[in-house]
Amino acid sequence: MAYDEFLADRIRRVLKEKHTAFYELKMMGGLCFKVDNKMLWGIHIDKKYGDSLLMARIGEDAYLNELGKPECLPMDFTGRPMRGYIFVTPDGFDTDTDLRYWITLCLAFNPLAQASKKKK
């Protein structure tokens with residue numbers, strides 16, 4: 001299994017509690033949750049870190065504030081951090097309250113986010 005299925009179920013439950021229409025997309029060994037055709041959230045097992053990380057699309061305004069937290073890392077796939085996206089370590093989503101916090105932050109940014117261009 002390329003991602004934590006128990007964590008995926010926890011995320012599904014929170015999104016359903018919030019009455020959020022979403023769909024899932026398996027990507028690069030992980031799982032991406034999308035709302036309004038835009039990436040909201042993802043699960044990724046990081047080889048360097050050695051555990052599941054959450055990819056959170058929170059936007060540039062929240063990025064600097066949240067990045068200062070010990071459970072947050074810059075989202076860095078290519079050697080260059082992507083502004084507006086962070087990784088959250090397991091300490092940051094251990095409880096359902098913590099998980100709801102991050103999902104709520106991502107949902108707040110989602111209406112402002114731009115969808116990726118469709119490939120032809």
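In what order do the six strands form the open sheet, and is the pairing parallel or antiparallel? I looked this up in a model that is predicted, and I noted the order β1-β2-β3-β4-β6-β5, with antiparallel pairing.

Next I looked at the edges, where I found β1 and β5 (72–74), each with a single partner strand, so one side of each is left without a neighbour in the sheet. I also wrote down the twist, which averages 25 degrees from one strand to the next.

I then turned to β5 and its partner, strand β6 (residues 85–88): the two run antiparallel and are joined by three bridges, and P74 stands opposite I86 in β6.

For the helices, I noted that α1 lies across β1, β2, β3 (38–46) and β4 (51–57), and that it runs at about 10 degrees to β2. Helix α2 (residues 60–67) also packs on the sheet, where it touches β5 and β6, and its direction makes about 120 degrees with that of β5.

My last entry is on aromatic rings, of which the structure holds two pairs. F22 and F33 form a tilted pair, 5.9 Å centre to centre and with 45 degrees between the planes. This pair links distant parts of the chain, since F22 sits in the loop between α1 (5–17) and β1 (23–27) while F33 belongs to strand β2 (residues 30–35), eleven residues apart. I found F22 partly exposed, at a relative accessible area of 22%, whereas F33 is buried, at 0%. Y101 and W102 form an edge-to-face pair, 5.0 Å centre to centre and with 80 degrees between the planes; here Y101 is partly exposed at 36% relative accessibility, and W102 is buried at 2%.

Definitions and conventions:
Residues numbered from 1 in each chain as written. Predicted model: local features only at pLDDT ≥ 70, side-chain atom pairs only at ≥ 80, totals over all residues. Heavy atoms only, no water. Phe/Tyr/Trp six-rings, centres within 6.5 Å; stacked < 30°, edge-to-face > 60°. Helix = DSSP H or I, 4+ residues; strand = E, 2+ residues; numbered from the N terminus. Buried < 20%, exposed > 50% of the residue type's maximum accessible area, 1.4 Å probe, protein only. Pairing = 2+ DSSP bridges. Axes fitted to C-alpha atoms, helices over the stretch in contact; angles between N-to-C directions. Contact = heavy atoms within 4.5 Å.
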